[in-house]
Amino acid sequence: MNSCINISIKKNQVMIKIDENAEQREIVSDLKKKILELKNLYKDDKTPILVTGKILKNKEMDEIQSVIKKFINVQIDFDSPKVLGLHGIKKTFYKEVATSETKFHKGSLRSGQKIEFEGSIVIIGDVNAGAEVVAGENIVILGTLRGLAHAGAKGNKDAIIEAADIEAVQIRIANIVKELEKEEGVIHKVKTSAYINDKDELIVE
């Protein structure tokens, strides 16, 4: 059986490349098997390690770092964004909507409040102007969205935003931003869904 981990030495760096389709338990298992091979690369050398190849959740990065640190005291960097948010995106990945972890928030978000979560977020209330919701996966708002919503914040273009009414001036999915124009002089048309179509266009309807 092939390992999901490949170790190579670059200039001033040891690179651990993880297969994009590997499960976390498989990654940890293979890493423990390869840790002796990795340790042999370190004698008096403290060359930093870069873990790359797969977008990882924060808790997965912490677990991988813990395994390495048990054997080798070295600086470890990840080619995977630690923060959600537009500036943290490095690559796009796809994930089934139905499988994401979900965080529920009861009550409306006021101006200045912010919620971040690596999975999906459900807001049982409104998201008012000046409030912010950032999710690695989907955002569902049972009230009105007037603040900023950023779904798929680590690059997932399959993520969606759903609300009872979308009145925000701007929404984001993955690395795509859409400015929403105010409807002046006409009856407000309720919009409830935002998603990215197969042309990489952010659609709000």
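**Salt bridges, a helix and a core**

Trainee: What is the relative accessible area of glutamate 116?
Mentor: Buried means under 20% relative accessible area, exposed over 50%, partly exposed in between (1.4 Å probe, protein chains only). Glutamate 116 is partly exposed, at 42%.

Trainee: What kind of model is this?
Mentor: Residues are numbered from 1 along each chain as its sequence is written, and side-chain values use heavy atoms, leaving out hydrogens and water. Local features need pLDDT of at least 70, side-chain atom pairs count only at pLDDT 80 or more, and totals for chains, interfaces and linings use all residues: the model is predicted.

Trainee: Which residue forms a salt bridge with glutamate 132?
Mentor: A salt bridge puts a side-chain nitrogen of Lys or Arg within 4 Å of a carboxyl oxygen of Asp or Glu. Here the closest N and O atoms are 3.9 Å apart. The pair links strand β8 to strand β6, 18 residues apart. Glutamate 132's partner is lysine 114.

Trainee: Which residues are linked with Lys114 in a network of salt bridges?
Mentor: Lysine 114 also bridges glutamate 116, with the closest N and O atoms 3.4 Å apart. The network joins Lys114 to Glu116 and Glu132.

Trainee: Where does α1 bend?
Mentor: Helix α1 covers residues 24-40. The bend is the angle between axes fitted to the seven residues ending at a residue and the seven starting there. For α1 that gives about 45°, at lysine 34.

Trainee: Which residues touch the most other members of the largest nonpolar core?
Mentor: Such a core is a set of buried Ala, Val, Leu, Ile, Met, Phe, Trp, Tyr and Cys residues joined through side-chain atoms within 4.5 Å. Among its 26 residues, the answer is Leu145 and Ile161.

Notes:
Helices (H or I, at least four residues) and strands (E, at least two) are DSSP runs, numbered from the N terminus. The expected span of a helix is 1.5 Å times one less than its number of residues.
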